[in-house]
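Below is a short report for a reader new to this structure. Please look over the sequence and the model before reading on.

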Amino acid sequence: MAKRQDGPLKAVIVGAGHRSILYASYSETHPGELQIVGVADPDPVRVASTAVRFNIPPENCYETAADLVKVPRFADIVINGTMDSDHVPTAIPLLEAGYDILLEKPISTNQEDLLLLWETAQRTGRKVVICHVLRYAPFYAAIHERVERGDIGKILTMSTAEYVSYHHIAVVYVRGKWNRVDTGGSTLLMAKCCHDLDLLTWMKEGVRPAKVASFGNRMYFRSECAPEGAGTRCLLDCPIERDCVYSARKHYLEMDLWGPYVWHDLEYLGDSITCTDKKKYLRETSPYGRCVWRCDNDIVDHQVVVVEFEDGTIASHVLSSGNARPCRQIKLVGTNGEIEGTMENLSFVVRHPDPRPGHEYTEEKVVLDVERDFHGGGDLRLVAAALKTFRTGDPSHSTSSLANSIDGHLIGFAADRSRVNGKIEAIPEL
Ligand SMILES: NC(=O)c1ccc[n+]([C@@H]2O[C@H](COP(=O)([O-])OP(=O)(O)OC[C@H]3O[C@@H](n4cnc5c(N)ncnc54)[C@H](O)[C@@H]3O)[C@@H](O)[C@H]2O)c1
């Protein structure tokens with residue numbers, strides 16, 4: 001199939017989970033730019049609902065990415081929203097089959113797979129755009145623009161932090177499917193903060209990171225930290241559940257948080273799902289009904305990363321969990337000023353030392369006029385930019401190409417090695 005010049009780009013969804021469907025929803029608001037023409041997913045419920053929603057014919061529905069590449073290419077691109085450890089094994093045959101790919105982060109769960117994908121993309125000449133959605137969030141895009149135009153001079157230090165909420169860490173990284181690394185999954189740093197490490201490399205565009213050190217451990221979400229009298233499942237045998245901030249009843253029934261993760265196993269019930277079904281599931285079998293101190297999690301719950309760049313710039317990133325109010329923060333200090341902000345406030349300040357007698361500094365507040373959403377407005381802006389890159393071949397539309405995204409991931413893999421071996425790790429040459 002020749003690449004299309006006119007009309008919408010045709011896409012196949014590989015891994016019809018929450019992320020892919022969110023990106024694919026762009027086709028509903030921009031039918032002239034994107035059309036979903038196929039789906040591959042081992043989950044028949046998801047294939048069926050995706051086929052209905054995007055009007056996909058049965059002959060274009062597949063069980064896996066491996067089945068999809070057995071037939072001649074019938075679309076321009078693939079939206080790959082499989083789980084972390086499936087990204088590279090599914091992406092390589094798709095690149096070989098001639099598809100360009102919008103690929104979820106983290107790109108891979110280890111450095112070897114990352115470099116293998118990089119080599120395959122170069123050899124096949126295919127384009128891979130990574131879903132580093134924060135690069136497209138107006139908050140970070142505006143800060144990057146200020147850095148690029150030299151507003152604060154040459155960056156000397158960068159401090160970023162992600163403060164993960166208590167209910168987010170509990171659902172995804174303690175009870176949920178990103179809670180273990182020994183089964184080949186991502187570390188907490190790579191799953192949660194590969195975005196932030198990527199932003200550090202973006203702010204220092206053109207200068208490579210050189211050395212990395214990191215500390216982190218699992219200090220709180222372990223059985224010895226359980227409050228006295230805590231049971232094993234919140235709705236089954238826990239006498240202190242009503243006073244516990246991690247109560248599954250409170251998070252998933254009363255506050256209705258994180259539904260797509262928590263009720264995934266009950267998706268087959270469709271709209272007929274009842275509160276009784278949910279209570280029974282949480283009480284009896286759901287991993288999300290477990291006491292947070294009595295789960296099978298092995299990943300860290302807090303971590304700090306320090307990076308030295310080749311020009312001497314030093315950066316640090318703090319990953320903190322259990323926060324009442326979640327947020328992402330950034331502070332960049334340059335030779336001629338500083339930028340500081342919190343993404344969730346949708347504003348940042350630019351300060352400069354003031355040479356006037358009696359004046360300490362000037363401060364400009366930048367307020368962004370965007371809707372508040374999960375990734376600061378980045379999700380669908382990413383899709384729009386990626387489609388332009390796929391269509392024109394011009395990577396300037398999409399800053400999160402595979403080539404641009406590699407260094408942030410290399411920092412993350414080096415940090416996790418350092419955390420375990422206690423040594424300073426060098427970033428490999430490419
Ligand atoms: N960009 C972001 O900010 C962001 C945010 C959250 C999650 N993510 C990432 O998005 C990815 C998907 O997350 P999700 O919550 O949508 O997961 P999900 O479990 O809802 O979806 C993954 C889907 O892949 C399917 N699948 C598994 N093996 C497959 C194969 N061989 N071929 C085709 N399909 C296959 C599964 O059946 C499932 O439906 C993960 O890598 C996650 O880390 C990214």
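## Around the ligand

The shell around the ligand has 25 residues, and Gly-15, Gly-17, His-18, Arg-19 and Glu-104 come nearest. A residue counts as near a molecule or strand if its C-beta atom, placed from the backbone, lies within 6 Å of it. By class, the shell has nine nonpolar, eight polar and eight charged residues. Here Ala, Val, Leu, Ile, Met, Phe, Trp, Tyr, Cys and Pro count as nonpolar, Asp, Glu, Lys and Arg as charged, and the others, Gly among them, as polar.

This is a predicted model, in which local features need pLDDT of at least 70 and side-chain atom pairs count only at pLDDT 80 or more, while totals for chains, interfaces and linings use all residues. Residues are numbered from 1 along each chain as its sequence is written.

## The sheet

Nine strands make an open sheet with mixed pairing, in the order E14-E13-E12-E11-E7-E10-E9-E8-E15. Strand E14 (361-367) and strand E15 (425-426) are at the edges; each has a single partner strand, so one side of each is left without a neighbour in the sheet. Helices (H or I, at least four residues) and strands (E, at least two) are DSSP runs, numbered from the N terminus. Two strands pair if DSSP finds at least two bridges between them.

Strand E7 (residues 155-165) pairs with strand E11 (residues 327-334) in the antiparallel sense over eight bridges, and Thr-157 stands opposite Val-333 in E11. E8 is antiparallel to E9, with eight bridges, and Asn-217 is opposite His-302 in E9. E8 also pairs with E15 in the antiparallel sense, over two bridges; the bridge partner of Lys-211 in E15 is Ala-426.

## Helices across the sheet

Helix H8 (residues 166-174) lies across E7 and strand E10 (314-323), at about 75° to E7. Helix H15 (residues 402-421) lies across strand E8 (209-217), strand E9 (302-309) and E15, at about 50° to E8. Axes are lines fitted to C-alpha atoms, for helices over the stretch in contact, and angles run from 0 to 180 degrees between N-to-C directions. Two residues are in contact if their C-beta atoms, placed from the backbone, lie within 7 Å.

## Helix H15 and its partners

The axes of helix H9 (residues 188-203) and H15 come within 8 Å and cross at roughly 125°. That makes H9 oblique to H15, since angles under 35 degrees count as roughly parallel, over 145 as roughly antiparallel, 65 to 115 as roughly perpendicular and the rest as oblique. Residues of H9, including Leu-189, Met-190 and Cys-194, meet residues of H15, including Ser-405, Asp-407 and Gly-408. This contact of H9 with H15 has seven nonpolar, five polar and three charged residues.

The axes of H6 and H15 come within 10 Å and cross at roughly 170°. H6 is therefore roughly antiparallel to H15. Gln-111, Leu-114, Trp-118 and Ala-121 in H6 meet Leu-402, Ile-406, His-409, Leu-410 and Phe-413 in H15. The contact of H6 with H15 has seven nonpolar, two polar and no charged residues.

## Backbone details

A cis peptide bond, with omega about -15°, joins Lys-105 and Pro-106. Pro-106 is in the loop between strand E5 (100-103) and helix H6 (111-124). Asn-55 is a residue other than glycine with a positive phi, near 60°, and lies in the loop between helix H3 (44-54) and strand E3 (61-62).
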